[in-house]
Amino acid sequence: SKPKMRYYEGMDGIRKVYEDTYSHGGKLYGFADWDKIMPNDEMDEWLWKFADERKKRGVKFFAIVKEGRFAREAKKREKDQLRESKIVDDVQFETELNMYGGNRVAMMSFRQPYSAIIIEDKAIHNTLMSIWKLLWKNIN
């Protein structure tokens, strides 16, 4: 069975991918540099609302994020937004990468032109989750 891939363009496409991440219940795991995402005024306000919707749906987000202003702001809101994050330096997260639903991986690029993909494949999901878990366990 081949991996199933869906491609999305523009900010509307990225929003659809984010919405997919909470539509499968369970937990959400990710890597991100929120300072690369949030400077876009359109996404700044929308992402805080997204976090509230994700919380309403009971989907907890575990994130490994690059140190920055928005990472520190999100850290302050963790309990209120059903999120746990670990902040790291010396990484280059050029895309946001999320694993969820037992077989899905979402990648969002916030460079022009904005784009995102969802890959549905258990092996790819499990490999990335293994990397994520190894890092999570070893970050203080």
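This note goes through the predicted model point by point, from the sheet to the helices and the cores.

1. Basis. The model is predicted, so local features need pLDDT of at least 70 and side-chain atom pairs count only at pLDDT 80 or more, while totals for chains, interfaces and linings use all residues. Residues are numbered from 1 along each chain as its sequence is written, and side-chain values use heavy atoms, with hydrogens and water left out. Helices (H or I, at least four residues) and strands (E, at least two) are DSSP runs, numbered from the N terminus.

2. The sheet. Seven strands form an open sheet with mixed pairing, in the order β1-β7-β6-β5-β2-β3-β4. Two strands count as paired if DSSP finds at least two bridges between them. At the edges are β1 (4-9) and β4 (83-88), each of which pairs on one side only. On average, neighbouring strands are turned by 15° against each other, direction ignored. Angles here run from 0 to 180 degrees between N-to-C directions, with axes being lines fitted to C-alpha atoms, for helices over the stretch in contact.

3. The β3-β4 pair. β3 and β4 run parallel and are joined by six bridges. V65 has I87 in β4 as its bridge partner.

4. Helices on the sheet. Contact is taken as heavy atoms within 4.5 Å. Helix α1 packs on the sheet, where it touches β1, β2, β5 (95-100), β6 and β7, and its direction makes about 135° with that of β1. Helix α5 (residues 122-138) also packs on the sheet; it touches β2, β3, β4, β5, β6 and β7, and its direction makes about 65° with that of β3.

5. Strand β7. Is β7 enclosed or open to the outside? Six of its six residues are buried, so β7 is largely enclosed by the rest of the structure. Buried means under 20% relative accessible area, exposed over 50%, and partly exposed in between (1.4 Å probe, protein chains only). In a regular strand the side chains alternate between the two faces of the sheet. In β7, one side has S115, I117 and I119 and the other has A116, I118 and E120, all of them buried.

6. Partners of β7. β7 pairs with β1 in the antiparallel sense over six bridges, and Y7 stands opposite I117. β6 and β7 also run antiparallel, joined by six bridges; here M107 stands opposite I117.

7. Helix α5. The 17 residues of α5 should span 24 Å at 1.5 Å a residue, and its end C-alpha atoms are 24 Å apart, which agrees. The expected span is 1.5 Å times one less than the number of residues. Its buried residues are H125, L128, M129, W132 and W136. These cover an arc of only 105° around the axis, which puts them on the same side of α5; the arc is that of the directions from the helix axis to the C-beta atoms. What covers them includes β2, β3, β4, β5 and β6. The face turned away from the buried side carries the exposed residues A123, L134, K137 and N138.

8. Helix α4. F70, A71 and A74 are the buried residues of α4. Seen down the axis, they fall within an arc of 105°, so they line one face of the helix. R69 and K76 are exposed, on the face turned away from the buried side.

9. Nonpolar cores. A nonpolar core is a set of buried Ala, Val, Leu, Ile, Met, Phe, Trp, Tyr and Cys residues joined through side-chain atoms within 4.5 Å. The largest has 29 residues, of which I14, Y18, W34, M43, M108 and F110 touch the most other members. Two or more residues come from each of α1 (10-22), β2 (27-32), α2 (34-37), α3 (41-56), β3 (60-66), α4 (69-76), β6 (104-109) and β7 (115-120). A second, separate core of 17 residues includes F62, F93, I117 and M129.

10. Individual residues. Leaving aside neighbours within four places in sequence, F110 is in contact with I14, Y18, K36, I37, M43 and E96. D20 lies in helix α1 and is buried, with a relative accessible area of 12%. Not counting residues up to four places away in sequence, D20 touches R6, Y100, R104 and I118. S23, in the loop between α1 and β2, counts as partly exposed at 41% relative accessibility.
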